[in-house]
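Trainee: I am new to this structure. Please take one part and walk me through it closely.

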Amino acid sequence: MSLILFAFVVRVRDGLPLSASTDFEHNRELQERKQQLRTISKTLARFPDRGTIKGRDLNIYFVSSEGVSYMTVCHCSLPVAQAFCFLEDLRWEFTARFTSTVVALAARPYPFLEFDSTIQKLKQHYNQSGGPALEVTLAEVQGDLRVHPPQVINLEEVELTNGTANGHMEQGPGSGQNGRLQPVTAAGILSLVLNIVCASLNIIRGVHLIEYTFQDDYEGMWNVVAFLLAFVCCLFQCHLYLFHSSLKKPKSFTLLIAIVLCNLYLLGPRNPWQLIFHISVASLSTFLILTRKLQDRTNDCGV
């Protein structure tokens, strides 16, 4: 079984892909890790020279040096020191062939695609022998990692740094982003329509109740608050479905709990069937928010 599955070389300042290994495996987690790797590549300038992203079965490792970052996706059973040995060997090979001036002048993605053959040879060497191929030794890397351990990176923080706009992750200066949310489904359109209906019912009832509350003795003020809070939560559910957001899961469940509590409080002004309708719509929206993922919209140039 191959332990080193994919390697990627990018320019740090703008995340421009310089070269990558040909992808012969197509399991789902590998494709997810490759997408995460490209997401990380857009913000490398904000991270230390070494980093790790933990996955279920596959991990991402990267090393940055002299304006270039060397990144790899490896099986979790591969020792961390061997993964960084591979990256150091990759760095030696790349810097021996391409100068910093050539890298700085690169203007299109994958200008050094021919370097793929070198990457494949290194991958094959490590997958077969498990040891370093060039100048670096395993003991040196292990010692260096003890002194300067790689930073463990949280993908939620990276996505928050990138930001969002119209379902696309926000682009930083001089860089492009290759991730966007999956297309809106028919069920998603239905949930948006139902959420808008619920929001409209909440705001209408809330405003109507305000008139009587101010005319009488303010006893219904908390009902007004519950209607208006439910209205705001419905709008935020629509926003979470349409736009990518970090910490999506806790936000979704917070909105769902708030809507449920508001409707339970409104038992009286609303009958049980109305409560079931509003809570069902909120539950459907929460499910669709959590299942709408980022899709890969990359220009891989065949790698």
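Mentor: Helix 2 and helix 4 are roughly antiparallel to each other, because the angle between them is about 150° and angles over 145 degrees count as roughly antiparallel. Keep in mind that this is a predicted model. Helix 2 covers residues 80-97, and helix 4 covers residues 116-129. Their axes lie 11 Å apart. The crossing of the pair is right-handed.

Look at who meets whom. Helix 2 brings Gln 82, Cys 85, Phe 86, Asp 89, Leu 90, Glu 93 and Arg 97. Helix 4 brings Thr 118, Ile 119, Leu 122, Lys 123 and Tyr 126. By class, this contact has 6 nonpolar, 2 polar and 4 charged residues.

Now follow Leu 90 from helix 2. Leu 90 meets helix 4, and Leu 90 is also touched by Tyr 70. Tyr 70 sits in strand 5. Tyr 70 counts as buried, because its relative accessibility is 1% and buried means under 20%. Its contacts, leaving out residues up to four places away in sequence, also include Leu 87, Arg 91, Phe 94 and Thr 95. Phe 8, Val 9, Tyr 61, Phe 62 and Val 63 are touched by Tyr 70 too. Tyr 70 and Val 10 are 60 residues apart in sequence, yet their C-alpha atoms are 6.7 Å apart in space.

Next, strand 5 itself. Strand 5 spans residues 68-75. Strand 5 is mostly covered, with 8 of its 8 residues buried. In a regular strand the side chains alternate between the two faces of the sheet. Here Val 68, Tyr 70, Thr 72 and Cys 74 point one way. Ser 69, Met 71, Val 73 and His 75 point the other way.

Strand 5 pairs with strand 4, residues 58-65. The two run antiparallel over 8 bridges. Tyr 61 has Thr 72 in strand 5 as its bridge partner. Strand 4 and strand 5 form a hairpin with 2 residues between the strands. Glu 66 in that hairpin takes a positive phi near 55°.

Strand 5 also pairs with strand 1, through 7 bridges. These strands run antiparallel. Val 9 stands opposite Tyr 70. Ile 4 has Cys 74 as its bridge partner in strand 5.

Strand 1 covers residues 4-11. 8 of its 8 residues are buried, so strand 1 is largely enclosed by the rest of the structure. Strand 1 is joined to strand 2, residues 17-20, by 3 bridges. This pair is antiparallel. Val 10 has Pro 17 as its bridge partner in strand 2. Strand 1 and strand 2 make a hairpin with 5 residues between them. Gly 15 lies in the turn and has a positive phi of about 75°.

Finish with another helix pair. Helix 8, residues 221-242, and helix 10, residues 272-291, have axes that come within 9 Å and cross at roughly 25°. That makes helix 8 roughly parallel to helix 10. Helix 8 passes helix 10 in a left-handed crossing. Gln 237, Leu 240 and Tyr 241 make the contact from helix 8. Helix 10 supplies Ala 282, Ser 285, Thr 286, Leu 288 and Ile 289. These contact residues divide into 5 nonpolar, 3 polar and no charged.

Definitions and conventions. Residues are numbered from 1 along each chain as its sequence is written. This is a predicted model: local features need pLDDT of at least 70, side-chain atom pairs count only at pLDDT 80 or more; totals for chains, interfaces and linings use all residues. Side-chain values use heavy atoms; hydrogens and water are left out. Axes are lines fitted to C-alpha atoms, for helices over the stretch in contact, and angles run from 0 to 180 degrees between N-to-C directions. Helices (H or I, at least four residues) and strands (E, at least two) are DSSP runs, numbered from the N terminus. Angles under 35 degrees count as roughly parallel, over 145 as roughly antiparallel, 65 to 115 as roughly perpendicular and the rest as oblique. A crossing is left-handed if the near helix is turned anticlockwise from the far one by less than a right angle, and right-handed if clockwise. Contact means heavy atoms within 4.5 Å. Ala, Val, Leu, Ile, Met, Phe, Trp, Tyr, Cys and Pro count as nonpolar, Asp, Glu, Lys and Arg as charged, and the others, Gly among them, as polar. Buried means under 20% relative accessible area, exposed over 50%, partly exposed in between (1.4 Å probe, protein chains only). Two strands pair if DSSP finds at least two bridges between them.
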